[in-house]
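Here is a short report on a structure for a first look. It takes the pockets, then the core, then the strands.

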Amino acid sequence: MNCGLVKRPLDADKILPMVDRCSLFCHMTSFMSAAVRKSMCNDYMQKDAKSSYFNLPALDLSVSFPQATPASIFPQCVSDYYQFDDLLTPEEQAVRKKVRECMEKDIAPIVAKYWEKAQFPFHIIPKLGALHIAGGTIKGYGCPGLSITASAIATAELARVDASCSTFILVHSSLAMLTIALCGSEEQKQKYLPSLAQVSTVACWALTEPDYGSDASALRTTATKVAGGWIVEGQKRWIGNSTFADLLVIFARNTTTNQINGYIVKKDSPGLTATKIENKIGLRIVQNGDIALKKVFVPDEDRLPGVNSFQDTNKVLAVSRLMVAWQPIGISMGIYDMCHRYLKERKQFGAPLAAFQLNQQKLVQMLGNIQGMFLVGWRLCKLYEKGKMTPGHASLGKSWVTKKARETAALGRELLGGNGILADFLVAKAFCDLEPIYTYEGTYDINTLVTGREVTGIASFKPAALAKKSRL
C-alpha cells in the first residue's frame, strides 16, 4: 500500500481534490519532524495554488496601455511659457540643446529600469563625459569654463529627464571638482581635474556623518599629522558616488588646530571602505554610501591647502546650493511636459483629459510654478556673476524652489491617476526623487534659518536652552 502511494503523487495532483492531496502529502512525510512537514506542506500548497501564467513577463506598455506614451519616449519641452530661452546667450542655448538631446535620446529609454533596480548605468558615463559639462564654471585644466547660467541650465536639463543623473554630475562636478579648483594646490589641479573633466575618473564629496547632518560643522572624523602625511579616522554617510568613486574628497577635523581640513583620498586606500545604502525611495540610481575610514593614510600632497576651516567649505556649498536649486526646476519641467502630453492623449468620458476644467486648472498651476522657479534660479545666477549672491540668497532660492517643485509633483501625480504611481510615466519617479533633494544641501528648515539669520542678524540654529547666556 505504501509503495503504491509513493509512486502516485504526480498523478494524484491531477485526480484528487485539494483536501485529499494535502492529506496524502502529510501521510507521505509522516517520518519527518513537525516543523519540516509544515514548511514543506506550505510550499506544496502555494506551488499548487499558483496559476500557469504566474511567472509570465509583464506586458509591454504599448499593449497594456496603448492610450498614452511612456517617458521612455520623452515628451517635447513645452514648459517655457514666458520664453525664458530668450534670456540665454547663444552659448547657453547650445548647452541646453546638446544636453537635452542626449538625455532624451540616450537616457530616457533606460532610466526607469535602472531606477527600479537601484543600479547605476555605468555605460552612460562616457556619454555624460562627452557633453563636456563636468567642471562647470572652472576654467583651464580641461574644464569647460561655462557661465554659471550655462552650468545651471545643464543641471536642469539633466534633471528634467532623470534627477539621479543630475545628482551624479552635481556631486562629481559642483562639489568635488569645485573643491579642488577653489581649495586645491596648482599641482592638485593639474593632476586631478583633467581626467575628472572628462569623467574618465569619478569623484565624491564626503562631509555628512551619521551623527552630524545639518550640524555638519561639528563633524567628528579626525585627521592626525604624522611623518609624510595624515591619518584620517571616522565615518561618513549619505555620500553619493562613494561606492565606485576613484577620488574621495574627505573633510576631517585637524587634531592639532581643531579646524576642519580637506583631503583627497584615493579608492582602495588601506583602511577605506564604502558600502551602499539600501532601500531608498528616491534618487535610487545614485549610489549613496556609508564610508568607513580606519587609520587611512593620506600623503601631504593630497591635503587640500585651501580648506582650513568650515568657512572654506561654505564657499563650495554656496555655489553647489545654487546648482541644486536648478534640479527641482528641471524635474518640474519634465513633470509638466509629461502631464501636458498625457492629458491630450488619454481619454475618459469620450473626451481627452485636457478638456476638463479641473485638469486645466492644475496644469496651469504647475506651469505658473515653473515660470516663477525659473525666474528665481536665473536671478540667482545673475547675482552670482556680479559677485552679489549671498548665502541667504542661495538658501532662499533652494528652499523655495524645492517647495514649489513638491507642489508641482503632487499636482502631476493627481493628473495621471493610476499611472501616477508608475515610474514608466516619470511623475512617480520624479515625485520620489524630489524628496532627497528637498533635504540635501540643507533641509528646507535649515535653509530658511540661513536666510533668516541674514535678514535679522540673529542666528537661531540652536535652541535657546543651549545658549551660553540666558535670554532673560
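## The second largest pocket

The second largest pocket is lined by 23 residues. Leu61, Pro70, Ser72, Ala112 and Asp424 lie nearest its centre. A pocket here is an open set of points on a 1 Å grid over the protein atoms alone, with protein on both sides within 12 Å along at least five of seven lines, where a 1.4 Å probe fits; lining residues have an atom within 4 Å of a point. The volume is about 410 Å³, taken as the space filled by probe spheres set on the points.

Helix α7 (111-117) gives the largest share of this lining, 3 residues. Both α5 (61-64) and α7 supply at least two residues. Helices (H or I, at least four residues) and strands (E, at least two) are DSSP runs, numbered from the N terminus. By class, the lining holds 16 nonpolar, 3 polar and 4 charged residues. Ala, Val, Leu, Ile, Met, Phe, Trp, Tyr, Cys and Pro count as nonpolar, Asp, Glu, Lys and Arg as charged, and the others, Gly among them, as polar.

## How the model was read

This is a predicted model: local features need pLDDT of at least 70, side-chain atom pairs count only at pLDDT 80 or more, and totals for chains, interfaces and linings use all residues. Residues are numbered from 1 along each chain as its sequence is written, and side-chain values use heavy atoms, with hydrogens and water left out.

## The largest pocket

The largest pocket holds about 1500 Å³ of space. Its lining has 42 residues, and Gly213, Ser214, Ala216, Arg321 and Gly442 are the closest to its centre. Helix α12 gives the most to this lining, with 6 residues. The lining counts 21 nonpolar, 13 polar and 8 charged residues.

Beyond four places in sequence, Trp326 is in contact (heavy atoms within 4.5 Å) with residues including Ala152, Phe374 and Trp378.

## The strands

Strands β4 (residues 222-226) and β5 (residues 229-240) pair in the antiparallel sense over 5 bridges. Pairing needs at least two DSSP bridges. Lys225 has Trp230 as its bridge partner in β5. β4 also pairs with β6 (residues 247-254), in the parallel sense over 2 bridges.
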